[in-house]
Amino acid sequence: MFEVLLLEPRGDMFWMFPVIGAYLHGKDKMSPRTKAIVRNAWKTYTPYRGDTENHWCMYYASLFLAAEQWPGLPGSEWYNGKSSNENRDEAKGYLIQWMRITTTIGQGEFDSPDYFPEFAIPMLYLAQFAEDKEMRERGQMMCDYLFADFAAEHLDGQYIGGFSRIYQPAVYKPLLSQASGFAYLYFGTGQPTQSGWVVFPALSPYRLPEIIYNIAVDRTRAYVHKEKKRVRNVIRMGDIKNPPVYKYTYMTKDYGLSSLQGGILQPIQQHTWSVRYTFGRPYSTIFGLHPYWSSRELATFFPEEEKTMMSDVVASKGTYNNPDKWTGSSPYERTFQNKNTLIVLYDIEPGTTAEHIDGFFPMNLEERTADASGWIVCKAGETFVAWYPLQEYEWIDEYEKPGQSLNTIGRPETGPEEKPQGNWRLRSHKLQNGYVVEARSKSEVGSFEEFQKRLRSHIPKAQLTPGRVSVQYVTLDGDRMSFSFPEGRILNGKSVDLKNYKLFDGPFLKADVGSEKLTIQYKKSKRVLDFKSLRITE
Amino acid sequence: MLHSNWMMVAMFVLTLGEYVASQEIKSKESTVFATVISTKLFIVGAANPQTGLFYQNPDEDTVWHHTGAPNIRANGMAYDPENEKTFYIASGNGLHKTTDGGRSWKITTGWEITEILWVSVDPGNTSTVYIGTAYGIYKSIDGCSTWKQTFTIFTSSVIVDHSNSSTLYCSTENGVFKSVDAGESWSRTGLSIKRTRTIAQHPKRPEMLFVGTEDNGIFASRDAGKTWTKIEAGIDHSTFYTIVFDPNNPENMYAGGYVTGVYKSVDGGKIWKRKCKNFAVESVHSIAVDPKSGTRVYAATIGDGIYRSDDGGETWRNAGMRGSQAWILSIRP
């Protein structure tokens, strides 16, 4: 069967890593003929290296392992004309560079519920199969690193975010994401996935360190977790190659509220903020966005012609230029989060795509009430979420196409006619706009009624004119937040400087920018990943 | 147990479509080369139709022959003027080079160099090769064994002055730059426009340059880049990806860009006239004029393959690869 599958290779790096994985797992059982067919495929089939960080990670991890399997061959025996040694050295060079940049200024395709496996699987491979001791150790350490990063922002099978990239429908059905399948395997949470991706970790001897498992599942105490990541390479229309991304997460046993600072931090699939909770699967989230798209955004990150690039992107990311989409970044959006309170402001240029903002409210909320105070108050089990729109808005029945799955990669469905599924879309057409979000659990405020009652005396004061969008707000906990679009964040009278963010800063993970060292802590246990010395200490 | 595990993994191997082995280039006089970066609905990692470097001999109608690796995001190509078997492909995978006429290829760059958009060979010393990339310009002086980055701005094209190979020009996201020390250092020319897409040099008057820009039309310089004049007569479009001269009669010029069709000038670029009869797609990324015939002209379209005119651009017909994004054309004399 394997031989048949290798007759007509296609799929680039998505071909490379299953093939080398299958070979490494099964070569002892393979006939010489099968082995020869595998070998020949690496001579005759040229995979595209791709144009994203996950592509490269898969490409070079696969190439590295393949070069180790067939050492000493001349360039004529490889698809790219390079010898085994050249391929191994190049692949190792890239992988070490990727690890270095990840552990110094942060991952570019960070915290992606859908692309988590594309990074984790190559590292699992290295940890298991690399003959080079250094790369084996690096693979092990990066597995710890990636899983620790996930664990600190994990709640009941869901990645909590603020994400660099996520697809529909996983953005509003969080457990559909690929990462949730990994959570099921490693954290015992969430639910099993139908995705074949979990085959690879299931076969791996890598075992999650207990300390990371504990971080993933212990939600006895609420905590603030902050991270610094990086923007994908800016190749034009910007002076800084990798501007910083600041992510703020407030985690409880019932919900997690998390946000990126806003703006374009990743093209196409960014998810800037959301509250996700343990109640009400599959629609266990509330979030908002400005569904912006532009050729200029694409040209900032991709090298093709700006004016003709849109059709290329829409071919694979069909929702990109859809004004009803649920993913994407906007230059006209900024956030300011303090614990379980979030302010989001918009100052949208007239004529831009699109001239409205949207909020997603799921069907399975137990309550969704527009209070006379202006607050929209929602109850999802023991999680309460309140949303104060700063401008007038309307409710639209939210549609979802039947049968939509991750495999549709956002392409328009040609199936049964659309039917309302019971979700709601909050839409506001004002260009100077915003909202305040308060999230609390029953254990924090006592009851839903008490939550509603307290909100009524916490009304935001906003100024909403072009070029002057700001809000002042006192949170339910008494913190004074003042936010002026785009970057004027003041908390209790003190300016908040995002530049002070560390790579990781929370009760479980600590890392300084540039350090190449991650300290993982849980109660009295500690695990330090030092990528400079390649040592793990406990 | 291990065997069954291996079978499970094998189930997930993605294999679709077909592989076509690299073919030796069987070129004749005036063979036209075309790079194709994508076909309709191209998706990385999916079962895509073949892309890369293609060539066609003049007596072939819509038939194109593929050579080199398929599916590499081929942006540019060049040939060695002194060695008929040496070709280059600038691609997302790196710079591919063959020295045996396409029977075998090697990627000459490593992970550090990517998104290569352009390749130029120094006609005075063909061991010297320049590549323009999304991250700037790299130079090799040893036939692509080693590379050195000499410029760090997004570069869409680099040309070597045919009268003096120490002089180069490049079109970049930050304007047109010039080097007088064989690409070691670069300085801005007198053009104030920043986003430039292509640059062309008059085949007989090296001080005469034309530049195509993003959103700002075409500019011309008659003093090797010191001063520039906007060309406006007959031009109704603003974004130009390609400008070429008829090598034998440089008064005849062609230009193409975003939804432009093909523009032609018969007076050395002073007055232009739009020629887009029969184009199904009007965005043109590259144009090549057959140096032997003068009237045979090819246009690479973004979305409908290659178009060909046999009457100096008056009428056009599709010449194959429909639906594809053809990127760069070059005719080897």
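These legends accompany close-up views of a predicted model.

**View 1. Overall build of chain B.** Chain B holds 1 helix and 28 strands. Its C-alpha atoms fill a box of roughly 75 × 45 × 35 Å along the principal axes. The radius of gyration of chain B is 20 Å. A compact globule of 333 residues would have a value near 20 Å, so the two agree.

**View 2. Burial and contacts in chain B.** Of the 333 residues in chain B, 53% count as buried. Buried here means that 20 or more other C-beta atoms lie within 10 Å of the residue's own.

**View 3. An open sheet in chain A.** This sheet has 6 strands. Their order in chain A is S8-S9-S16-S13-S12-S11, and the pairing is antiparallel. Strand S8 (333–338) and strand S11 (367–370) of chain A are the edge strands. Each of these pairs on one side only. Neighbouring strands of the sheet are turned by 15° against each other on average, direction ignored.

**View 4. The pairing of S8(A) with S9(A).** S8(A) pairs with strand S9 (residues 341–347) of chain A. The two run in the antiparallel sense and share 6 bridges. Which residue is the bridge partner of Phe336(A) in S9(A)? The partner is Ile343(A). On this side S8(A) meets S9(A), and as an edge strand S8(A) pairs on one side only.

Methods
Residues numbered from 1 in each chain as written. Chains lettered and ligands numbered in written order. Predicted model: local features only at pLDDT ≥ 70, side-chain atom pairs only at ≥ 80, totals over all residues. Helix = DSSP H or I, 4+ residues; strand = E, 2+ residues; numbered from the N terminus. Rg over C-alpha atoms; globule rule 2.2 N^0.38 Å. Buried ≥ 20, exposed ≤ 12 C-beta atoms within 10 Å, placed from the backbone. Pairing = 2+ DSSP bridges. Axes fitted to C-alpha atoms, helices over the stretch in contact; angles between N-to-C directions.
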